[in-house]
Each structure stands twice: as structure tokens, then as C-alpha cells.
Amino acid sequence: MEIVVLSGKGGTGKTTVATNLSKILNIPYIDCDVEEPNGYIFLKPDNINQIDVKILNPIIDKDKCVLCGRCVSACQFNALGMTLSSVILFEELCHGCGVCKLVCPFDAIKEEGRSIGVISTGEANGILCMTGKLNIKEPMGGPIISKLKLLSEKYENKILDSSPGTSCSVVKTLDGADYAVLVTEPTKFGLHDLKLAVELVVDMKIPFGIIVNRNVGDITMLQEYCISENIDLIGEIPFSRKAAELYSEGLLLIEDPIYRDIFTKIGARLMEKVKGRVADAISSN
Amino acid sequence: MIIIVSSTGKEATSMADLRFGRCKYFGIYNTETKKYNFIQNEAADASQGAGIAAAQVVVESKGEAVLTGNLGPKAFKVLTGSNIYGYTIGEVSVENAIAAFLENKLSKILEFGNSQK
């Protein structure tokens with residue numbers, strides 16, 4: 001089962017939920033928040049193996065190029081510009097689709113891999129921890145997320161930690177997932193952005209449930225929302241000074257027996273929901 | 001000489017657009033025929049690279065000067081690579097921008113970035 005943890009609003013506790021659940025359920029943790037991965041801080045993997053993630057960029061042979069402009073007009077990402085003397089590549093805009101090479105009738109374009117980030121794979125006390133990290137200045141994390149999904153294909157059960165929001169990166173992380181966990185907090189902002197995330201997973205037809213983090217006592221607003229929309233509320237994580245202290249020290253909440261108990265229950269309930277929902281989805285197809 | 005103005009509309013009396021890559025129209029003025037031609041900016045809503053595409057329009061129209069608010073780094077690179085320079089305008093109509101340029105009242109954009117800072 002591929003379970004994606006997302007949130008809509010940032011800072012609600014995706015990584016807290018994803019890392020603690022990976023550990024409790026003893027399944028691989030894949031950090032797809034490639035612009036700011038932080039799960040490794042809590043899981044502390046070692047024996048790390050790194051690979052470069054590259055995308056193909058065009059290299060233009062000035063001797064063969066006749067400045068016909070076909071490549072420039074074919075590029076839907078506007079990554080090529082043509083001056084009176086040459087075609088210029090703005091590499092950070094290039095998605096590596098290769099259409100420029102295809103349309104060039106003069107064989108003036110060849111492609112070369114350019115590194116845009118790194119994937120680190122390590123082991124954290126028995127569980128696999130894979131982290132994608134986009135290089136500084138690079139705007140496009142998609143290819144790293146695709147590579148993370150490809151590399152983790154061989155693991156049947158895993159948790160993918162997504163970036164916040166409902167952007168392309170989140171869509172890419174969700175693509176093909178079996179179940180989504182939406183982490184929210186009991187504030188109006190949390191609910192507002194949760195609704196956007198719900199809209200996204202509904203649109204992508206991915207079964208999902210909600211976990212409320214940082215519960216300070218009253219979650220009526222979220223409970224009412226879940227009831228009215230017929231959404232599964234998988235569990236809630238109480239706020240405490242202890243939780244904040246553990247987090248600030250880079251420790252998992254399950255280091256604390258009370259939180260271990262809470263996450264064990266949430267983990268069991270999640271697996272039950274995942275199996276039920278996935279079975280429903282299969283039978284309705 | 002061909003002069004390009006980033007414009008909000010397709011009339012000589014339309015207000016110029018201070019944005020280059022994201023302007024609605026390009027006003028193309030030929031100083032010899034004294035005629036305007038307005039074309040829509042196809043890349044105005046592009047998710048990325050609007051400045052590069054706009055610079056391409058200028059290069060393809062054989063423009064020699066661009067009258068606009070600011071030029072971003074990428075548009076600047078494409079234009080200067082073709083020896084085309086931008087000139088800063090304020091909130092004026094397209095025809096007044098052209099008139100100011102022809103009277104040498106506009107200053108050349110020598111570096112990319114936001115001129116409104």
C-alpha cells in the first residue's frame with residue numbers, strides 16, 4: 001500500500017505523522033517534500049547511499065544551427081530564446097521533454113544530463129528512509145519525485161511525505177497512491193486549506209482519511225466537517241509541551257510512551273481504513 | 001526604425017503596460033510609415049518564460065527599441081544578445097511613449113530588474 005501524507009496547510013505536522021507512523025508500522029518512509037525534506041532529522045538514517053537525479057537539457061551546436069527558430073517555437077516552457085546570433089537555453093526553465101531535438105531538421109541539438117538534485121537512501125533502525133532533495137536555485141522538483149516513486153516501487157508498503165499545498169509536487173506525489181492521509185490542525189486556517197486538499201484527493205479519486213494534529217481540546221469544527229462530508233477521522237494527536245520538546249530535539253514523538261500508545265492506535269486504525277477503502281475502490285471499479 | 005511598446009490595449013491611445021512579458025498587447029510602430037500594428041501577447045498567461053517569449057516577438061518583428069517599465073533578466077539577455085535595448089517609460093499612452101522616445105526623452109535600461117524600486 002502506498003500511503004501519501006499531505007495537508008493543504010503547511011506546518012500542520014505531515015512529517016511528524018509520517019515519520020512516527022513509518023516507525024510504528026515498520027514500513028519505508030519516502031520524503032517527497034524535495035524542496036525542504038526534514039524527515040531524516042527525526043529518523044536519523046545511516047549507511048546512506050546517494051544518487052544524482054538528472055534531467056536532459058539540449059546542447060546547441062552553433063556550427064550546425066541555422067537559427068530557423070523551430071526549437072524556440074516548439075518549446076512550450078519558453079526555455080529557449082533566440083537572438084540574432086544564437087539560440088540561448090535558460091536551463092532552469094527546461095523540463096527535459098526533448099521536443100527541441102525532435103523538431104530540429106539540422107541535427108544541431110544533442111542532449112546532456114544536468115543534475116537537479118540528490119536522492120539519499122539509508123536505514124533508520126530497521127526501516128528504510130529515502131529522501132529527495134532539490135538543489136538550491138532549481139525550481140522544479142517533479143523529476144525527483146518521479147524518481148523517488150520509481151526507486152520505491154519495489155516496497156509494497158510505504159509512507160510518502162508530500163510537500164504542503166496542492167501544487168504539482170503534491171499531485172505528482174499522490175499519483176497512483178492507494179490512500180491519502182490528510183493532516184490538519186484545529187484552526188480555521190487548517191480547515192480552509194484542508195478543504196482544498198480534500199478537493200484534490202476527491203478529484204484524483206484517492207481514498208483518504210483525516211488526522212487532526214495539535215489538538216488542544218476542542219476539535220468540534222473539524223468533527224462536524226468530517227461528519228457533514230462523510231470523511232473518516234482516523235485519529236487525533238493531542239498537543240503538549242512534551243511533544244514540542246521532543247520535536248525541537250529532533251526526536252520522534254513515540255519516544256514518549258503516551259504518544260507511542262496514541263500512534264500505535266492511529267497506525268492500526270489507519271491500516272484498517274486503508275485496507276477497507278482500497279477494497280471498496282477495487283470492488284466499485 | 002521599428003519600436004515596440006508593451007501595451008494594455010490595441011489603440012495608439014491605450015495605456016502602455018509597464019510589465020513586459022505579461023503585457024496584453026505589443027504595439028509595433030514603424031517610424032517610416034508612421035503606422036501602428038498591435039498584436040496580442042500569446043505568452044501573457046504562460047506559466048513560465050513570458051519574458052523570453054516576449055523578447056522573441058521583438059526579435060522576430062525586427063524591433064530596434066523596446067519601450068516598457070522593466071525588463072527581467074531573461075528578456076534582457078535575449079534582447080541585448082540581438083543588440084536591442086529597452087527604454088523606461090512611466091504611466092503614459094502608447095503614442096506618448098513613442099513621442100517621448102523620438103524626442104530622446106527616455107533613458108536606456110542598462111540593467112535588468114525592477115525599475116520601480
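## Helix α10 of chain A

Helix α10 of chain A buries Y259(A), I262(A), F263(A), I266(A), G267(A), L270(A), M271(A), K273(A), V274(A) and V278(A). This and everything below refers to a predicted model. The buried residues of α10(A) pack against strands and helices of chain A, namely β1 (2–6), α1 (14–25), β9 (179–184), β10 (208–215), β11 (232–238) and α9 (241–248).

The helix covers residues 257–284, which makes 28 residues. From first C-alpha to last, α10(A) reaches 40 Å, close to the 40 Å expected at 1.5 Å a residue. The N-terminal end of α10(A) is capped by D256(A), with a side-chain oxygen of D256(A) 3.0 Å from the backbone nitrogen of I258(A).

## Strand β10 and N215(A)

Strand β10 of chain A, one of the elements that the buried residues of α10(A) pack against, contains N215(A). N215(A) is buried, at a relative accessible area of 12%. Leaving aside residues up to four places away in sequence, N215(A) touches P186(A), E236(A), I237(A), P238(A) and F239(A).

## The loop between β2 and α2 of chain A

Both C32(A) and D33(A) are found in the loop between β2 and α2 of chain A. For this loop, β2 is residues 29–31 and α2 is residues 39–43. C32(A) is buried, with a relative accessible area of 1%, and D33(A) is buried as well, with 7%.

Contacts of these two residues are given without counting residues up to four places away in sequence. C32(A) touches I145(A), L148(A), L160(A), D161(A), S163(A) and T173(A). D33(A) touches G132(A), D161(A), S162(A), S163(A) and P164(A).

C32(A) and K188(A) are 156 residues apart in sequence and 26 Å apart in space. D33(A) and D232(A) are 199 residues apart in sequence and 25 Å apart in space.

## Cysteines

How many disulfides does the structure hold over all chains? The count is 0. For C97(A), the closest cysteine sulfur is that of C75(A), at 6.3 Å, which is too far for a bond. The cut-off for a disulfide is a pair of cysteine sulfur atoms within 2.5 Å. Another cysteine, C226(A), is buried, with a relative accessible area of 4%.

## Interface between chains A and B

The contact between the two chains involves 14 residues of chain A and 13 residues of chain B. About 1100 Å² is buried between chain A and chain B, and carbon and sulfur atoms give 61% of that area. On the side of chain A, the residues that lose the most area to chain B are N78(A), M82(A) and F90(A), which together account for 41% of what that side buries.

Between chain A and chain B there are 6 residue pairs in polar contact, both residues being at pLDDT 80 or more. The salt bridge count between the two chains is 1. E92(A) forms a salt bridge with K74(B), with 3.7 Å between the closest N and O atoms. Strand β4 of chain A, residues 80–82, gives the most to the side of chain A that touches chain B, with 3 residues.

N78(A) lies in the loop between α3 (70–74) and β4 of chain A. Is N78(A) buried or exposed? At 13% relative accessibility, N78(A) counts as buried.

In chain B, K34(B) is not a glycine either, and has a positive phi of about 60 degrees. K34(B) is placed in the loop between β2 (25–30) and β3 (35–40) of chain B. K34(B) is exposed, with a relative accessible area of 60%.

## Helix α1 of chain B

Helix α1 of chain B, residues 50–60, is mostly covered, with 9 of its 11 residues buried. The buried residues are A50(B), I52(B), A53(B), A54(B), A55(B), Q56(B), V57(B), V58(B) and V59(B). Just after α1(B), K62(B) takes a positive phi of about 60 degrees.

Definitions and conventions
Residues numbered from 1 in each chain as written. Chains lettered and ligands numbered in written order. Predicted model: local features only at pLDDT ≥ 70, side-chain atom pairs only at ≥ 80, totals over all residues. Heavy atoms only, no water. Helix = DSSP H or I, 4+ residues; strand = E, 2+ residues; numbered from the N terminus. Expected span 1.5 Å × (residues − 1). Buried < 20%, exposed > 50% of the residue type's maximum accessible area, 1.4 Å probe, protein only. Contact = heavy atoms within 4.5 Å. Polar contact = N/O pair within 3.5 Å; in protein donor to acceptor, adjacent residues only side chain to side chain. Buried area = accessible area lost by both parts, 1.4 Å probe. Salt bridge = Lys/Arg side-chain N within 4 Å of Asp/Glu carboxyl O.
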